[in-house]
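Here are my notes after a pass through the model. Have it open alongside as you read.

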Amino acid sequence: MSPRKTLGSRPGLARVGLALAALPIVAAAACAPGGSSGDTGATTKPTGQIQTDPAKAGKATLTVWDINTSGGANDAMLKLNKEFEQKYPNIKINRVSRTLNDTKTTLKLALSGDNPPDVVQANQGYPDMGAFVKAGLLTSLDEYAKVYGWNTKYPKQLLDLNKFSTNGRDWQTGSLYGVSQTGEIVGIYYNKDLLTKVGVEVPKTFAEFEAALPKIKAAGEIPIQFGTSDKSPAIHLFGVVQAATAGKQAVRDLVTAKGNASWNDSGTTKAAQLVSDWARKGYLTSGANGLSGDAASANFAKGQGVFRIDGTWRLAELEKAMGDKVGFMSPPPAQAGQSSVTQGGEGLAWAVTSKSKNPDAAAAYLNFITNPHADDVLAETANLPAVAPPNYQPKSGTLTADIFGEWKKISENDGLVPYLDYTTPTFYDTLTANLQQLIGGKINVKQFTGNLEADYSAFKKSM
Amino acid sequence: MSAEKMAATAEVGAIAVVPTSARRAPRKSDRIAYLYLLPALVVFGAFLLFPLLHGFWISLYDWDGLSPATWVGFDNYVQAIADGALGNAFLHSAILIVFFSVLPICLALLLTGLMTHATKLKGMGFFRVVIFLPQVVATVVVATVWTAIYAPQGVLNQFLSAIGLEAVTRPWLGDFTWALPAVGLIGTWVQIGLCLVLFLAGVSQINPELYEAARLDGAGPVREFFAVTLPGLRPQIAVALTLTVVAGLKSFDLIFVATRGGPGTTTTVPGFEVYRRAFDLNQVGMACTVGILLALVILIVTTVINRIDPGERA
């Protein structure tokens, strides 16, 4: 590749000039961004005996990047890190905590550098974890999972979300690349006082839920408090409706690009029709496109709106604001007694980087912050642990009890469908922009499903 | 033709060369002058020139930011120019310029005209500070405040309802027609202070005799404004135009906080597209391409603005 070798033998002024002109291109080609293909791809797998006792790792520092900057999530990490350092004084934890947005813009650079953190939190799906695995930046945790029993601790569904084929191309299969601390589902919060006031029972089926909306509207209340100027809330609303109209298998096939799944299918079309109707008939907060999800949540807490479709991450906020006036349910099933299906998943996956100097200690740290004791700590600090904590019992009748109960049911009965924006790298944009247009009455159902399908088929062709 | 002339030129050349000591001296100081420029050049090179060239270099690759990149030459540029979504983003920027630049300059000129006649007004400094304040506040804060004002139940809609304009109320930032003008007006509010301070400073440099002469000739306040103030402010207007147009073109934080490019894609701007491509879509090469294109557009626009400023040549 060195341009000098080919030139040295023929010293001609013109040739030198030509070579000089070509030099930047050759140099550029020789060191393309991202390095040559030789130094990536090989994920370091733990060789030989895994050292499960960090006390024997000698003096070491683990650099840990997490996104738990606020509230209960931060409290839990502070406590667990302190306990880890007390138990293993030879290991120092260098915690770097940034918001999800900040992490998004810095994690890639940090990971591809020569001195990446030892432990990072990677978002599931193709754009983040898939890209990291493809570039060989994360360590496969398969061997650690055997040693620490992660395979038996987590339901298969939760493990699969953190799995990728080693080339980063197939999600939810292949090697395990992370473990999660917390679980999350999207469900329906309801204002108990307002339900009583308008004389509507907590719906047991999706049809009952639909039927409740016009009654609430007629009684002068907002049926569903909803705002999506920040774009992502629309995915939660649409996902809940689609899970009910299309069923879990259809949604899973769509998101994981399996078989001949199409966004023009009847279930998705019906969901789009419902959301569009709800917006038109005023069952959603008027002007939802100009209201942020946070503002809508605050409105709901103030007693505006009977239902609110949102994630379990609002637990602490709503319980504090509304006390025992608020309840939570999974989206009701098509028929009474069936098990519910909703979109959800687990917190960002804790992963070990492939350049970590202490992969064994890092894995031991992962185990420490996800073991049964950690689950108790998480529950006590108002987080929803991915696996039910052994000793923590929420007070019955509280929002916490509702949410812990619903999560247990959904996660143990195979009731999760993935977030829809995992579908393609561009799907978050396509879906949210089109949902805003659908809700704003700018496009019809056919255009909506057509636009989603166009994004989907473009991605499938590029695979 | 040549022998004589050549001799002459040779002679001229010789003569020119002879007083070596006289010519070397300025050369030496020239070199020293470059030395003085060196620190600035190093800083400029390290923080501006190198990143710019590096960005250009990356823009020639198809790169996801992590795995090895593939050389694509100018393919990204061809794609970017053919991309309708990006074209729309630039179009939105052009509309934003009206709000970031044209409106604030007109309003600031009007205010300048008024304020030069309100010399007896007490607390002039206070008003100047108040009007300049939006410039000092971080854009994220500005955007957050205005998002609350524009909210469906926000102050603006409450005010409109209170004065009987219920029919006009709408979720401003969620309305497909009004979101872009609504964002633009935030820009107007921010930029007007900058323009006003520039113009007031400019007015104080205009020779008072010109005003006196205008008055003696019987010019009213309007005539005086167009005959004296406006021509006198040309350089300041050029500066204001450059600064505000650039601010309008590269706006990102305002959009990011207020609308995220929504509703739909009605408020996307090139700066937002760069972010989206680099961090949401993992298309780092493409993001750099858009960034370079944006830099080019800004360069061209500012050059044109400086050309049409007659103050530069005067």
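1. Start with Gln172(A), which counts as partly exposed: it has 19 C-beta neighbours inside 10 Å, and the cut-off for buried is 20 or more. Its phi is positive, about 70°, although Gln172(A) is not a glycine. Look for Gln172(A) in the loop between strand 4 (163-164) and strand 5 (175-176) of chain A. Keep in mind that this is a predicted model.

2. Chain B has a non-glycine residue with positive phi too: Asn282(B), near 55°. Asn282(B) sits in the loop between helix 13 and helix 14 (284-307) of chain B. Is Asn282(B) buried or exposed? Buried, since 22 other C-beta atoms lie within 10 Å of Asn282(B). As background, most residues other than glycine have a negative phi, and most peptide bonds are trans.

3. On peptide bonds, check the one joining Gly262(B) and Pro263(B), which is cis, with omega about -5°. Pro263(B) belongs to the loop between helix 12 and helix 13 (270-280) of chain B.

4. Chain B as a whole has 14 helices and two strands. Of its 314 residues, 35% count as buried. Among contacts in chain B with a separation of 6 or more, 73% are between residues 24 or more positions apart.

5. Helix 6 of chain B (residues 139-150) is worth a look down its axis. The 12 residues of helix 6 span 16 Å from first C-alpha to last, close to the 16 Å expected at 1.5 Å a residue. Its buried residues are Thr139(B), Val142(B), Ala143(B), Trp146(B), Thr147(B) and Tyr150(B). They fall within an arc of 135° seen down the axis, so they line one face of helix 6 of chain B. The cover over these buried residues includes helix 5 (124-136), helix 7 (155-162), helix 8 (179-205) and helix 12 (253-258) of chain B.

6. Back in chain A, strand 1 (residues 60-66) and strand 2 (residues 91-97) run parallel, joined by seven bridges. The chain gets from strand 1 to strand 2 of chain A by way of helix 3 (residues 71-87), in a right-handed β-α-β crossover. For one bridge pair, take Trp65(A) with Val96(A) in strand 2 of chain A.

7. Finally, the interface: 38 residues of chain A contact 32 of chain B. On the chain A side, helix 2 (13-30), helix 4 (100-112), helix 5 (126-134) and helix 19 (427-439) each give two or more residues. Helix 19 of chain A has the largest share, five residues. By class, this side of chain A has 15 nonpolar, 16 polar and seven charged residues.

Definitions and conventions:
Residues are numbered from 1 along each chain as its sequence is written. Chains are lettered from A and ligands numbered from 1 in the order in which they are written. This is a predicted model: local features need pLDDT of at least 70, side-chain atom pairs count only at pLDDT 80 or more; totals for chains, interfaces and linings use all residues. Two strands pair if DSSP finds at least two bridges between them. Helices (H or I, at least four residues) and strands (E, at least two) are DSSP runs, numbered from the N terminus. A crossover is right-handed if, with the strands pointing away from the viewer, the path from the first strand over the helix to the second runs clockwise. Two residues are in contact if their C-beta atoms, placed from the backbone, lie within 7 Å. Ala, Val, Leu, Ile, Met, Phe, Trp, Tyr, Cys and Pro count as nonpolar, Asp, Glu, Lys and Arg as charged, and the others, Gly among them, as polar. A residue is buried if 20 or more other C-beta atoms lie within 10 Å of its own, exposed if 12 or fewer, and partly exposed in between; C-beta atoms are placed from the backbone. The expected span of a helix is 1.5 Å times one less than its number of residues. The arc is that of the directions from the helix axis to the C-beta atoms.
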